[in-house]
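Please open the model in a viewer and keep the selection tool at hand.

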Amino acid sequence: MMNSSFDLIRAHLKAGGDLKHRIAASDDLVQRIYDASAIMIRTLKKGKKILWCGNGGSAADSQHLSAELVARLNITRPGLASLALTTDTSLLTAWSNDVGFESLFSRQVEALGDNGDVLMALSTSGKSPNVLKAVKSAREKKITTIALLGRDGGVIRSEADLAIVVPSENTQLIQEIHVTVGHLLCELVETKLFKT
Ligand SMILES: O=C(CO)[C@@H](O)[C@H](O)[C@H](O)[C@H](O)COP(=O)(O)O
Ligand SMILES: [Zn+2]
């Protein structure tokens, strides 16, 4: 049976599959994913932590991926130090209400981040001002920044230490790949640190 909804379903699934194939075929992107995992492993081995931030769907992705590190993915093992800057509603509402949305994440980077930590910055457009400001604050505190981006990578691309830019213009597909990349990063970290 065929109708326009079925066409939409098939087109989205095919576009997601094609995008994954393109990324798998890109030596540059595969290398960047590997490099991001190596930075995270080095950071955690030193007793430092991973911070995550993003807006909307990327806020949810930040929480989801951070939780994989603190809890577990495939192996029962000690918790890893990771914190999503998207979860404290008292802080998020107070700061946005009293001061402004743009400094919401950077304030937390300043308060909670340490020299040697990593900030994972998620933005499909690469343009969200609060994510950009968090990346800039991180750099000032010598926190390494890994950005998961989309489209042309926006302004965040050149501000981050390592940018993984999903080659798509479709926000939902970019987010879906961010979760795929995030899962890969967590799996690489867990495997390298704990699999004997
Ligand atoms: O989940 C979605 C769209 O799929 C939205 O909530 C989306 O995340 C929001 O519009 C964000 O504000 C977009 O921010 P960004 O990815 O451009 O940084
Ligand atoms: Zn969404």
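How near do the axes of helix 3 and helix 8 come, and at what angle do they cross? Their axes come within 10 Å and cross at roughly 15°; axes are lines fitted to C-alpha atoms, for helices over the stretch in contact, and angles run from 0 to 180 degrees between N-to-C directions. Helices (H or I, at least four residues) and strands (E, at least two) are DSSP runs, numbered from the N terminus. This is a predicted model, in which local features need pLDDT of at least 70, side-chain atom pairs count only at pLDDT 80 or more, and totals for chains, interfaces and linings use all residues. Residues are numbered from 1 along each chain as its sequence is written, while chains are lettered from A and ligands numbered from 1 in the order in which they are written.

**Helix 3 and helix 8**

The crossing angle of roughly 15° makes helix 3 roughly parallel to helix 8 (angles under 35 degrees count as roughly parallel, over 145 as roughly antiparallel, 65 to 115 as roughly perpendicular and the rest as oblique). Helix 3 passes helix 8 in a right-handed crossing; a crossing is right-handed if the near helix is turned clockwise from the far one by less than a right angle, and left-handed if anticlockwise. Select G57, S58, D61, H64, L65, E68 and L69 in helix 3, which meet Q175, H178, V179, G182, C186 and V189 in helix 8. Contact here requires C-beta atoms, placed from the backbone, within 7 Å. By class, this contact has 5 nonpolar, 6 polar and 2 charged residues. Ala, Val, Leu, Ile, Met, Phe, Trp, Tyr, Cys and Pro count as nonpolar, Asp, Glu, Lys and Arg as charged, and the others, Gly among them, as polar.

**Ligand 1**

Next, select ligand 1 and the 13 residues around it, of which G56, G57, S123, S125 and S128 come nearest (a residue is near if its C-beta atom, placed from the backbone, lies within 6 Å). Helix 3 (57-70) and helix 8 (171-194) are the elements that give two or more residues to this shell. The largest share, 3 residues, comes from helix 8. The shell divides into 1 nonpolar, 11 polar and 1 charged.

**Helix 2 on helix 8**

From helix 2, I33, A36, S37, M40, I41 and L44 meet V181, L184, L185, L188, V189, K192 and L193 in helix 8. The residues of this contact divide into 11 nonpolar, 1 polar and 1 charged.

Now display the strands: 5 of them form an open sheet in the order 2-1-3-4-5, with parallel pairing (strands pair if DSSP finds at least two bridges between them). Strand 2 (82-84) and strand 5 (162-166) are the edge strands, each pairing on one side only. Strand 4 (residues 144-150) is joined to strand 5 by 5 bridges, and I146 stands opposite L162 in strand 5. Helix 6 (residues 129-140) packs on the sheet, touching strand 1 (50-53), strand 3 (118-122) and strand 4.

**Helix 5 and helix 6**

L104, F105, S106, V109 and E110 in helix 5 meet N130, V131, K133, A134, S137 and A138 in helix 6.

Technical notes:
Contact = placed C-beta atoms within 7 Å.
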